[in-house]
Amino acid sequence: MMTVKELSKLTGISARTLHYYDEIGLFAPTKKSEAGYRLYDDKALETLQQILFFREFDIPLKEIKAVMENPALDRNQILKMQKKMLTAKKERLERLIAGIDDILKGDKQMDFAIFSQEEIGELFQTMLSHMPAEMVKLSVQEFGSVEEWKKHYTEVVSSEKMQKNYAKVAEWYGGKDRFLSAANNPVCKEVADSYNRRIEAILEKMNEKRDCPLDSFAVRQLVGEYGFVMKQFCQIKEEQGMMLAIARSYRDEPFKLNLDEKYGEGAAEFFARAIEGFYNR
């Protein structure tokens, strides 16, 4: 059995953090000594390692707790999930390191690409096949032809900025393959409309709570529901990054104008702060 001090020294996790994990029901000691000290065995150490794997992706503690307590997931399933997430992150970091090495050798500029030209082409075809006919018609008119439209799309998606963004999104999905699978197999219009209605209903309820403190249970409950819906809708493994990106978008035009017009002046900023308060804690 290990004491809190010994476990802290072994894992690098502070005693205060271990106490907090116990208080919120995320990571309890194996037992307590007669004097009331927390004690941990090897199985507890394995559980803590799994928690730390998830924390490597800044996944909220409440989400980690939900996964760890999910009766449908056993130990091996959780480990396989974490392996995929860590492998995706490792591959991205290796590409960046290789790019730095090449720059140091004077071979080339750093390559931030996550998708190949072939994969970008597949993303374009998927977008094209699921886009309403009227939107396709307008886009073709704008670019002159499907070929020119695809060329423009490829140039934009191939840019360093977009590739960096896609790399981060791929992490949300737990890897590039999962992201491509979700992108190439989007939900049908009826399902998408259903999710959009749920999101609008949540925003309506949040707007009614604008007089409540951002850290009140009522506001936090609605933000949590919003995140859960987005996680289901987008088929991602963790929604924190996406929700924080949504919060940032609420401060940009035209989202800010649209939200303030629909829900009243200041609504967009309230939504953004509520989401940030929930996911940045």
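Reader: How many salt bridges does the count come to?

Author: The model is predicted, so keep that in mind throughout. The count comes to 7 salt bridges. Side chains of opposite charge can pair when their charged atoms come close. Let us take some of these pairs in turn.

Start with lysine 62 and glutamate 239. They form a salt bridge, and their closest N and O atoms are 3.9 Å apart. That passes because the cut-off is 4 Å. The two partners sit in distant parts of the chain, 177 residues apart. Lysine 62 belongs to helix 4, residues 61-69. Glutamate 239 lies in the loop between helix 12 (217-234) and helix 13 (240-249). Lysine 62 has a relative accessibility of 30%, so it counts as partly exposed. Glutamate 239 has a relative accessible area of 0%, so it is buried.

Next comes arginine 251 with glutamate 276. Here the closest N and O atoms of the salt bridge are 2.7 Å apart. Arginine 251 is partly exposed, at 32% relative accessible area.

An α-helix has 3.6 residues a turn, so residues three or four places apart point the same way. Lysine 256 is partly exposed, with 31% relative accessible area. Aspartate 260 is buried, with 14%. Salt bridges can also share partners: Arg251, Glu269 and Glu276 are joined into one network this way.

Now turn to the nonpolar side chains. The largest nonpolar core has 30 residues. Leu203, Met206, Tyr226, Tyr250, Phe271 and Ile275 have the most contacts inside it. Helix 11 (189-208), helix 12, helix 13, helix 14 and helix 15 each supply at least two residues of this core. Helix 15 gives the largest share, 9 residues. Leaving aside neighbours within four places in sequence, methionine 206 is in contact with Leu222, Val223, Tyr226, Phe270, Phe271 and Ala274. Another core lies apart from the largest one. That other core has 21 residues, among them Ala44, Ile59, Ile78 and Met85.

Helix 13 deserves a glance too. Helix 13 is mostly covered, with 7 of its 10 residues buried. The buried ones are Gln240, Gly241, Met242, Met243, Leu244, Ile246 and Ala247.

Last, an open space. The second largest pocket has a volume of about 380 Å³. Its lining has 19 residues, and Glu63, Val67, Lys231, Ile236 and Lys237 lie nearest the centre. Helix 4, helix 5 (75-105) and helix 12 each give two or more residues to the lining. Helix 4 provides the largest share, 5 residues. Helix 4 is also where lysine 62 sits.

Technical notes:
Residues numbered from 1 in each chain as written. Predicted model: local features only at pLDDT ≥ 70, side-chain atom pairs only at ≥ 80, totals over all residues. Heavy atoms only, no water. Salt bridge = Lys/Arg side-chain N within 4 Å of Asp/Glu carboxyl O. Helix = DSSP H or I, 4+ residues; strand = E, 2+ residues; numbered from the N terminus. Buried < 20%, exposed > 50% of the residue type's maximum accessible area, 1.4 Å probe, protein only. Core = buried A, V, L, I, M, F, W, Y, C linked by side-chain atoms within 4.5 Å. Contact = heavy atoms within 4.5 Å. 1 Å grid on protein atoms, 1.4 Å probe; cavity = no way out; pocket = protein on both sides within 12 Å on 5 of 7 lines; lining within 4 Å. Points joined across faces, edges and corners; volume = space filled by probe spheres on them.
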